[in-house]
Amino acid sequence: MTLYDGKAGISYQVEGVFVEEAVSRRLQALGINDGTRVRILNRKKKGAMIIQVRGTRLALGRHISSCIEVKEEAERGEETAV
Amino acid sequence: MTEKNKTIKVAFVGNPNCGKTTLFNAVTGSRLKVANWPGVTVEKKEGAAEYEDCSLTIIDTPGIYSLTCYTIEEKVTRQCVMDDEIDAIVNVVDASSLERNLYLTLQLLELGKPVILALNMMDIVEERGMEIDLHRLPEMLGGIPVVPVSAARRTGLGILLHAVVHHYEEGAAGNVLTYGEEIEHKIAKLEVMMQARFPNHSCVRWHAIKLLENDEDVRNEHPISIMNVVEKSYEKEIIQQKYAYIEMIVREVLFHKEKKAAFTDKIDRILTHPVWGVPIFLLIMCVVFLMTFLVGDFLKAGFESVLGWLSGQAGQFLLLIRCSPWLISLIVDGIIAGVGGILTFIPNIVILFLALAILEDSGYMSRVAYVMDTIMGRAGLSGKAFLPMILGFGCSVPAIMATRALETERDRRKTMLITPFMSCSARLPVYVLFSDMFFPGYAHLAAFSMYVIGMGVAILVALLMHRWEKSREAVSDCLLIELPEYKRPNARTIGIYVWTKLKDYLEKAGTTIFVASIIIWFVLNFGIHGMVSDPADSFGAMIGRGLMPVLAPAGLDMWQIAVALISGISAKEVVVSSFAVLFGVVNANSEAGMAAIIGHIHMQNPAFGPVNAYALMVFCLLYVPCAATIGTVKKESGSWKFTIQMVVFQLVLAWAFAVLVFQAGSRLF
């Protein structure tokens, strides 16, 4: 699945970033890499979303979020707290 | 230890919105604009500070996430820190998001220059119940000084300067991060090759790493054959290993990091709601403008009486010292009417900027980019393009400079083209005057509608352009922006912001509007036969009459209006000044002044009513931006062709809309 298919309030783990070179470099600089944990905080039905990654909030457009391959993070006790 | 009168050049470098400029202002006593959204600073700025016997030159740079060179900000900052004249780097770090900020730190350390870490926003860290181990952190960063500061509360500044002055002589920290075997092996090889070719190079390791990352600029500057060493780009691996090291640092130095910043999330649930986000934004802007009109009007009375008194006194004094009548006319009817009339709008302007400052400092701005992303996406722009547009409500000049934060040149030009449609504060006097004169009882609504029309036209133009160019290029819906924490607006920050804007306004009144008023007075009082008693014989009238046929379909067939519109290109407020000078009204922004202007207009054209006035307001909203904006567009786009195309396009569009309003309006009403 891609991040774009994700639901608000759920944590995911990045499995790959398949977007234009320039954008993927920016994402990498922001710490979005293979294996990074991201959490969707808020999203619009067909559009942008707000994610939390490495302690900061980012707004991502639909194009970028649908180019990030993720898998749902296995529940871990301490991180389920909202 | 340090010699006397030594100047140390220090660069402040850090992520966007981590407080570099606030710290810069605190250290140097400058008053640069700060706000709570990423990308406020787009140019590097210099300031000076003293510490003990040392004088320091401090350079504030635009915020960056990484030392690559993909955006204009990155290029500016990278060039600045690579500069050999920089003696030390102060890496400003937002302690409340240490993990992301340290990525840049690791890159800066590789440069081989002395780095001092300024740990900003420690107060937020404490508020959130987090703790940072201030002994372990420097240990893991190669022993560089780590100084906790609070730029907003101005604490830790002395210690920071002390660290800069004493640390820079010790030189750079050693190698902090060792990459995996394969990469280190290649770095070593490249270092040898670099040293052979460029024996005096200052930061060989950094350049070797950049070569491994396949960095274009570094490769072009160092044309050494690396084919057999670098067979692919190692950028991804290098970034991953940096972040892996950062994760290790964070694990060791940061405690209780899972505690949530519940406050921001709670507000975001409302303000960035998928359905209500856009209506809430429009409501907020609505409140801002209503405040501007209501509170501004409330405070206006005081200004009016002062101006009336001043004008009377000046006239009497000039009579007393036996000035010739033409000089009295120039001073009273030209300068006091033209400049003074503009000054009575100060309350409105202050309230507008106060509201914009609060919006910017609270952290709401970048949310607007998210909220508006869907609408902007239809127009082929990312939500980020909406930030310059909001700044345009204040003044188009900084708004156009803010387009630098956009990724592609195409997006930049498109945004530059539509940003002037956002009603800037200079157009406010025009709306206030004409809606008060022709829409009694509905004045606020008429003025507010201009803001809505401006925003609508901006989005519509972008939409049509997008349709037109769709066949040629792919969509770039690449919204990627950091959302800062909400915070209580800082009184000092807002004070600086409003004061700077007010000063600009006063300066403009004292220079551009002053000169324009004098020129208008001359143009209206002199004709081919010298000084004229009836302005209808003046040069101004001649020019104006030439344009009347063009303006007639928009219901603006008065030579006075043509003169006012032309002079309004110098600055939009001058439209109001010209009316004041044209009709010899001392204070256009008072009941008596307005009655006089209406009287004069009706003498020329008895049919001039609300529909004509509305067409005039629409024309003022959309036509050629002021000279300063045109100059900025030229500078930022680097193209006269684009600038001229833009001016012509906006002129034609304004005319078309004004004609539409007048023709439709006069049939309906």
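**Figure 1. Helix H23 (residues 539–551) of chain B gives the most to the nonpolar patch, contributing five residues.** The model shown here and in the following views is predicted. The nonpolar surface patch covers about 720 Å² and is made by Ile528(B), Phe539(B), Met542(B), Ile543(B), Leu547(B), Val550(B), Ile566(B) and Trp655(B). Leu547(B), one of these residues, lies in helix H23 of chain B. The relative accessible area of Leu547(B) is 34%, so this residue is classed as partly exposed.

**Figure 2. Six strands of chain B form an open sheet with mixed pairing.** The strand order is E2-E3-E1-E4-E5-E7. Strand E2 (45–51) and strand E7 (146–148) of chain B are the edge strands, each pairing on one side only. From one strand to the next, the twist averages 25°. Within the sheet, strand E1 (residues 7–14) and strand E4 (residues 88–94) of chain B are paired in the parallel sense over five bridges. In this part of the sheet, Val13(B) stands opposite Asn91(B) in E4(B).

**Figure 3. Helices H3 and H6 of chain B lie across strands of chain B.** Helix H3 (residues 98–110) of chain B lies across E1, E4 and strand E5 (115–120) of chain B. The direction of helix H3 is at about 170° to E4(B). Helix H6 (residues 157–167) of chain B lies across E1, E2, strand E3 (54–60), E4, E5 and E7 of chain B. For helix H6, the angle of about 170° is to E5(B).

**Figure 4. Strand E4 (residues 56–60) of chain A is joined to E9(B) by four bridges.** The two strands run antiparallel. Leu60(A) has Leu480(B) as its bridge partner in E9(B). Strand E9 (residues 480–483) of chain B is covered on both faces. Leu480(B) and Glu482(B) lie on one side, Ile481(B) and Leu483(B) lie on the other, and all are buried. In a regular strand, side chains alternate between the two faces of the sheet.

**Figure 5. A salt bridge joins the side chains of Glu85(B) and Lys9(B), at 3.1 Å from N to O.** Glu85(B) lies in the loop between helix H2 (72–82) and E4 of chain B, and Lys9(B) in strand E1 of chain B, so the pair ties together parts that are 76 residues apart in sequence. Glu85(B) counts as partly exposed because its relative accessibility is 49%. Over all chains, the count comes to 24 salt bridges.

**Figure 6. Glu252(B) forms a salt bridge with Arg136(B), and the closest N and O atoms are 2.6 Å apart.** This pair links distant parts of the chain, with Glu252(B) in helix H10 (residues 235–253) and Arg136(B) in helix H5 (residues 136–140) of chain B, 116 residues apart. Glu252(B) is partly exposed, with a relative accessible area of 35%. Arg136(B) also counts as partly exposed, at 26% relative accessibility.

**Figure 7. The side chains of Glu184(B) and Arg205(B) meet in a salt bridge of 2.9 Å, N to O.** Glu184(B) belongs to helix H7 (residues 181–197) of chain B and Arg205(B) to helix H8 (residues 204–212) of chain B, so the pair ties together parts that are 21 residues apart in sequence. Glu184(B) is buried, with a relative accessible area of 17%. Arg205(B) is likewise buried, with a relative accessible area of 14%.

**Figure 8. A network of salt bridges links Glu21(A), Arg25(A) and Glu235(B).** Side chains of opposite charge can pair when their charged atoms come close.

**Figure 9. Ala426(B) occupies the loop between helix H19 (409–418) and helix H20 (428–438) of chain B.** Ala426(B) counts as buried because its relative accessibility is 5%. Leaving aside residues up to four places away in sequence, Ala426(B) touches Lys508(B), Lys572(B) and Glu573(B). Of these contacts, Lys572(B) is 146 residues from Ala426(B) in sequence, with a C-alpha to C-alpha separation of 5.4 Å.

**Figure 10. Asp297(B) has its place in helix H12 (residues 277–320) of chain B.** Asp297(B) is partly exposed, with a relative accessible area of 26%. Apart from residues up to four places away in sequence, Asp297(B) touches Thr292(B), Asn348(B), Val432(B) and His444(B). The C-alpha atoms of Asp297(B) and Pro489(B) are separated by 25 Å, and these residues are 192 residues apart along the chain.

Methods
Residues numbered from 1 in each chain as written. Chains lettered and ligands numbered in written order. Predicted model: local features only at pLDDT ≥ 70, side-chain atom pairs only at ≥ 80, totals over all residues. Heavy atoms only, no water. Buried < 20%, exposed > 50% of the residue type's maximum accessible area, 1.4 Å probe, protein only. Pairing = 2+ DSSP bridges. Axes fitted to C-alpha atoms, helices over the stretch in contact; angles between N-to-C directions. Contact = heavy atoms within 4.5 Å. Patch = residues over 30% accessible without salt bridge, like charges linked within 9 Å, V, L, I, M, F, W, Y side chains within 5 Å. Areas by Shrake-Rupley, 256 points an atom, 1.4 Å probe, with all protein chains shown as cover. Salt bridge = Lys/Arg side-chain N within 4 Å of Asp/Glu carboxyl O.
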